[in-house]
Amino acid sequence: MRVTVGKGSCGIAAGAGEVFERLERDGVKPAVTGCIGMCWLEPIVNVGDKTFVRVDAEAAGEIGKYIRGEENGAERYAIRQEDLDNLNAQVRVALRNCGVIDPENIGEYIAREGYAAAEKCITELTPERVIEEIKASGLGGRGGAGFPTWFKWNAARGSKGDKKYVICNADEGDPGAFMDRAVIEGDPHAVIEGMMIAAYAIGSDEGFVYVRAEYPLAIIRLDIALRQAREKGLLGKNIFGTGFCFDIRIKAGAGAFVCGEETALIASLEGERGMPRLKPPFPAQKGYLKKPSNINNVETYANVPWIIRNGGAAFSAMGTENSKGTKVFALTGKIKNGGLCEVPMGRTIRDVVYGVGGGIKDGKAFKAVQMGGPSGGCIPAELADTMIDYRTLAATGAIMGSGGMVVMDGSTCMVDMARFFLDFTCKESCGKCAHCRVGNRRMLEILERICAGDGREGDIELLSGLAEQIKDGSLCALGQTAPNPVLTTLRYFKNEYEDHITHKKCTARQCKPLLTYSIDGAKCTGCTLCAKKCPSGAIAGEVKKPHRVEREKCVQCGKCAEVCRFGAVEVD
Amino acid sequence: MGCNCAESALSVDTALLEPYLAEYGGAEGGLISLLQKAQELYGWLPADLLINIARRIGVKPAKIMGVVTFYTQFRTKPAGKHLILLCQGTACHVNGSAGIEEAVREYLGVDEGEMTENGLFTYNNVACLGCCSLSPVMMSGGKTYGGLTKDSAVRILKEIERGEAV
């Protein structure tokens, strides 16, 4: 019986390493798999077709007994049917092998028709025919913009030059997104095979994967996969006995969000500061070392082998009129079942949040979902029936983005959320354009002021005006989209801005300077804990008698509410 | 007047870097990889080392400084033995990473990017570690710690200290 332990980054953080060791000590020889996407159930152990979840060392002992056919208590850890149904309701194209195969064993990838698509392309199809198939699939760039993949390939193919490059953008920088990490950790060969097919289509013999340095495990797994592919002759010279030659190198990023932008990524590959430049010329014309280069995202490449094997028509049969196929999302925040999922385009936000995600944590009310990271926006709960489709999402002011979905409940302050994203953009702006460098900084200062209770009349208009100017005055997508989190929160949650500015209130109770603390005399037991912890000596009262907060001394740090064991501190 | 600091003895042993100077020094686009190797070897990038690298590979020190200061990974100050990376991604932010940072800062008694007096810790905020479903998260020594509370974050730091004391 095949036994597997999910050892993606999240599984390992949840304790999969200890579980793996325990099983080995018990004489079981488990195999490693990547992340199946059910991160909230990690660590996950599969025995044949039975799945055990939230496995700890003790549970691993019971599973060992189950495998040996002894009496055991493993059933307690068996996955619930509804979680299994949720998994089965997904349509897995890019994630087809994640959590199923051992990413460190090329044999398992090949056994699931791996490299069959590359072989078909290289030995049977012309490059033009390959590009036709990708065109028929309607595949769009999964990094966020959804630009037609075939168009990029065709342009790179059409560019004159004896040397061309294929580049995979694995600089997944959106905070709250980890789709690409999971794909590389769980199924690195799918990305390699997709790049091989792209290389054949455009006429390239050399490729790069530009991976974030924050993803050490992805780099290790990719390196192993590349070595195994070379050993099998799938990378290198005369692949499949044809004259086709191709190899891939890994370049680790050094921590700069803007390097997700393709011209900045190329500058970084060249060893320079990662500053975007004006397009045209597009990378397909002049890319790495000024040679024609094709850049796609990890998920885009991972879809390619499936499309070749099943036909472009099978891919375009899924989805909506202008968004074909499936999309992987990372579901996080105040969600019950956080993790990774893949659904066909055309499902609604509600399907994902309530269907796959199981709804909001602790039964609270759904307030909004943030999509598209710092370039995206907050979509309010009223628009939960919005279809997942590039155009429909763009109409809300957010974007599809790379696939991060951060779910929020009533405890998230939307003004603070906008401030959070602008703080990020300010730190990550490369500094080339004044509007992005200075304009975003000014917007951040205004938002910080509002959150600190010093908002003024006219701030909302000032923010809106600045936002429009930054959009117009920035060269790359980072700057052009930086105001989106502010614009969408202004559009859907203007009342929260007004509450902060006019009434000096934060209804989500997140902006500490706007909060007032008081002690409910009926609940206070006079234990003195809050008085001891208060850094400004603002709490007065005698032992075993109700205490009170002296407003003029209070610095709104919230320590009293945090330490009170009787829920006597009221925050307003 | 030229700078003579590189003439005197360097703060680190550059012999260790020799194989990488040969591998990346002349290679197209090899500068970032070379700097990453140097930081891996020495833990940080002292100014005299950077000037030495510039001289060896034939580029201006200003260009190297330009690259070093552009990317957050590079450090121009020594770091503690244990680098604590505190995730400040969206999911972690929504789930209370600000409070975790407060607790870590209070316990270590240093600001972001500073080294503790005993040289054990440096903590850095990072944009996103990509383990969002376990938020809030921090990473140290390649290990990711998820589902943090203020208490558990401090407990982990104490455990690392205990490991060092043995």
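Trainee: In chain B, what share of the contacts with a separation of 6 or more comes from residues 24 or more positions apart?
Mentor: That share is 62%. Keep in mind that this is a predicted model.

Trainee: Okay. How many helices and strands does chain B have?
Mentor: Chain B has seven helices and four strands. Reading from the N terminus, the order is α-α-α-α-β-α-α-β-β-β-α.

Trainee: And what does the C-alpha trace of chain B span along its principal axes?
Mentor: About 50 × 35 × 30 Å. Chain B has 166 residues, and 51% of them count as buried.

Trainee: Which domains is chain B divided into?
Mentor: Domain 1 covers 14-70 and domain 2 covers 82-165. Taken over C-alpha atoms, the centres of those two domains of chain B are 29 Å apart.

Trainee: What about the domain assignment of chain A?
Mentor: Chain A gets domain 1 (3-88), domain 2 (106-315), domain 3 (326-409), domain 4 (414-501) and domain 5 (515-571). Between the centres of domain 1 and domain 4 of chain A there are 45 Å, again over C-alpha atoms.

Trainee: What does B:Thr144 touch?
Mentor: Leaving out residues up to four places away in sequence, B:Thr144 touches B:Cys131, B:Val137, B:Met138 and B:Met139, plus A:Ala13 from chain A.

Trainee: Switching to cores. Which residues have the most contacts inside the largest nonpolar core?
Mentor: A:Val130, A:Trp153, A:Met195, A:Ile197 and A:Phe246, in a core of 81 residues. Helix 10 of chain A (residues 188-202) gives the most to this core, with eleven residues.

Trainee: Let's zoom in on A:Ile197. What does that one touch?
Mentor: Not counting residues up to four places away in sequence, the list for A:Ile197 is A:Ala117, A:Ala118, A:Cys121, A:Val130, A:Trp153, A:Val304, A:Pro305 and A:Ile308.

Trainee: Now strands. How many bridges join strand 6 and strand 7 of chain A, and which way do the two run?
Mentor: Six bridges, and the strands run parallel; strand 6 is residues 206-211 and strand 7 is residues 247-252. Within the pair, A:Val209 stands opposite A:Ile250.

Trainee: How does the chain cross from strand 6 to strand 7?
Mentor: Through helix 11 of chain A (residues 216-231), as a right-handed β-α-β crossover.

Trainee: Where should I look for cis peptide bonds?
Mentor: One runs from A:Pro280 to A:Pro281, with omega near 0 degrees. A:Pro281 is in the loop between helix 12 (262-269) and strand 8 (293-297) of chain A. Another runs from B:Ser135 to B:Pro136, with omega near -5 degrees. For B:Pro136, look in the loop between strand 2 (121-126) and strand 3 (138-140) of chain B.

Trainee: Last topic: how many disulfides does a search of the whole structure find?
Mentor: Zero, over all chains. Take A:Cys433: the nearest cysteine sulfur, that of A:Cys436, is 6.5 Å away, whereas a disulfide needs the sulfurs within 2.5 Å.

Trainee: Is A:Cys433 buried or exposed?
Mentor: Buried, because its relative accessibility is 16% and the cut-off is under 20%. A:Cys554 is in no disulfide either, with the sulfur of A:Cys560 nearest at 6.4 Å. A:Cys554 is partly exposed, at 21%.

Technical notes. Residues numbered from 1 in each chain as written. Chains lettered and ligands numbered in written order. Predicted model: local features only at pLDDT ≥ 70, side-chain atom pairs only at ≥ 80, totals over all residues. Heavy atoms only, no water. Buried < 20%, exposed > 50% of the residue type's maximum accessible area, 1.4 Å probe, protein only. Pairing = 2+ DSSP bridges. Right-handed = clockwise from strand over helix to strand, strands pointing away. Domains from an automatic or database assignment. Core = buried A, V, L, I, M, F, W, Y, C linked by side-chain atoms within 4.5 Å. Contact = heavy atoms within 4.5 Å.
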